[in-house]
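Q: I would like to learn how to read a protein model feature by feature. Could we take it slowly, with the general idea given before each case?

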Amino acid sequence: MRDHDISQRRACRLVSVDPKTVRRQRPPDCPEIRKEMKDIADVRRRFGYRRIGVLLERKGMIMNHKKLYRLYREEGLSVRRRRGRKRARGSRSPMPQAAHPNARWSLDFLSDSFGASRKFRVLAVIDDCCRENLCLVADTSISGARVARELDALVRLYGKPACIVSDNGTEFTSRAILQWADKRSIPWHYIDPGKPQQNAFIESFNGSLRDELLNEEVFDTLEEARRKLALWRYDYNNVRPHSSLDNKTPNEVRREMEELDVGATQTLAQADQPNYQSRHRRLSN
């Protein structure tokens, strides 16, 4: 239409399209009901769409059960049948996208040995957005309370994450972790048992750590393992190129994103000033 200077009606006739379908704008698909469904599902974690529909009707939100079920599925609120041992459910809402630093952290454990087959464990925490390794904690035993203390230290350094993702390990489902997450109002998302691909970022990091360090080095003492882990972590964050980050380092990506956020905040602050719009109009004229 822009290139050939013809009317909308004639263009639709040429491509055999009804003009009504072109002119009609799709209305918003019940954003208020979607939000209310999420709020109910966060509190009533084992409620299906029928019971959620009853609670919505009590608030005056009445709709066809087929449409309610479609919205329920699109929001990812389906309830899975529990099998096996009792596990912590965590947040029922879907995992947020890792669009900016501290949007989502991932946790996992690795194991290795030193000395006469003495085993030790490594707690790894990464930022899913910039792939930065936030900590590598090595010890012979790491409890849920120890994990909570390490997370407190990371929050003081990097700020509060919007979501934390982990598997259903006993340390991550312990009472200490559940109380820590509830006290700080941080959603904790547990992946489904037997599906590590749902936590793909930390699994990829674990593969790099094991391939580049744990399988290459022999540790005589725990102190030596901690020293080599600290050196490898510095190299991983500041020197090692990442193909998923366009061969940049995690620290470079974090700095670039923080600068973009600061620039956007300053622009919005200038727009709020009373004389900003008038100056902008004078320059544009």
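Q: Which backbone oxygen lies 2.7 Å from a polar atom of the side chain of N168?

A: A polar contact is a pair of N or O atoms within 3.5 Å; within protein, one of them must be able to donate a hydrogen and the other to accept it, and residues adjacent in sequence count only if both atoms are side-chain atoms. Here the oxygen is that of I191, 2.7 Å from a polar atom of the N168 side chain. The model is predicted, so local features need pLDDT of at least 70 and side-chain atom pairs count only at pLDDT 80 or more, while totals for chains, interfaces and linings use all residues. Residues are numbered from 1 along each chain as its sequence is written, and side-chain values use heavy atoms, with hydrogens and water left out.

Q: Where does N168 lie, and is N168 buried or exposed?

A: Buried means under 20% relative accessible area, exposed over 50%, and partly exposed in between, with a 1.4 Å probe and protein chains only. N168 lies in the loop between β4 and α7 (175–184), and because its relative accessibility is 10%, N168 counts as buried. The element names come from DSSP runs numbered from the N terminus: helices are H or I runs of at least four residues, and strands are E runs of at least two.

Q: In what order do the five strands of the sheet stand, and which strands are at the edges?

A: Two strands pair if DSSP finds at least two bridges between them. In this model the order is β3-β2-β1-β4-β5, in an open sheet with mixed pairing. Because β3 (133–139) and β5 (188–190) each have a single partner strand, one side of each is left without a neighbour in the sheet. Neighbouring strands are turned by 25 degrees against each other on average, direction ignored; axes here are lines fitted to C-alpha atoms, for helices over the stretch in contact, and angles run from 0 to 180 degrees between N-to-C directions.

Q: How many bridges join the strands, and in which sense do β1 and β2 pair?

A: β1 and β2 pair in the antiparallel sense over 10 bridges, with S113 opposite K119 and D112 partnered by F120.

Q: Are β1 and β2 mostly covered or exposed?

A: In a regular strand the side chains alternate between the two faces of the sheet. In this model eight of the 10 residues of β1 are buried, and seven of the 10 residues of β2 are buried as well.

Q: Which helices pack on the sheet, and at what angles?

A: Contact means heavy atoms within 4.5 Å. Helix α6 (residues 144–158) touches β1 (105–114), β2, β3, β4 (164–166) and β5, and its direction makes about 125 degrees with that of β1. Helix α8 (residues 200–214) lies across β1, β2 and β3, at about 25 degrees to β1.

Q: What does F114 touch?

A: F114 is in strand β1, and because its relative accessibility is 11%, F114 counts as buried. Leaving aside residues up to four places away in sequence, F114 touches K119, F120, T140, F219, D220, T221 and L222. The C-alpha atoms of F114 and E224, which are 110 residues apart along the chain, are separated by 9.3 Å.

Q: Which residues have a positive phi although they are not glycine?

A: Most residues other than glycine have a negative phi, and most peptide bonds are trans. Among the cases here is C30, with a phi of about 55 degrees, in the loop between α2 (19–23) and α3; C30 is buried because its relative accessible area is 16%. Another is N247, with phi near 60 degrees, in the loop between α9 (222–238) and α10 (250–271); at 55% relative accessibility, N247 counts as exposed.
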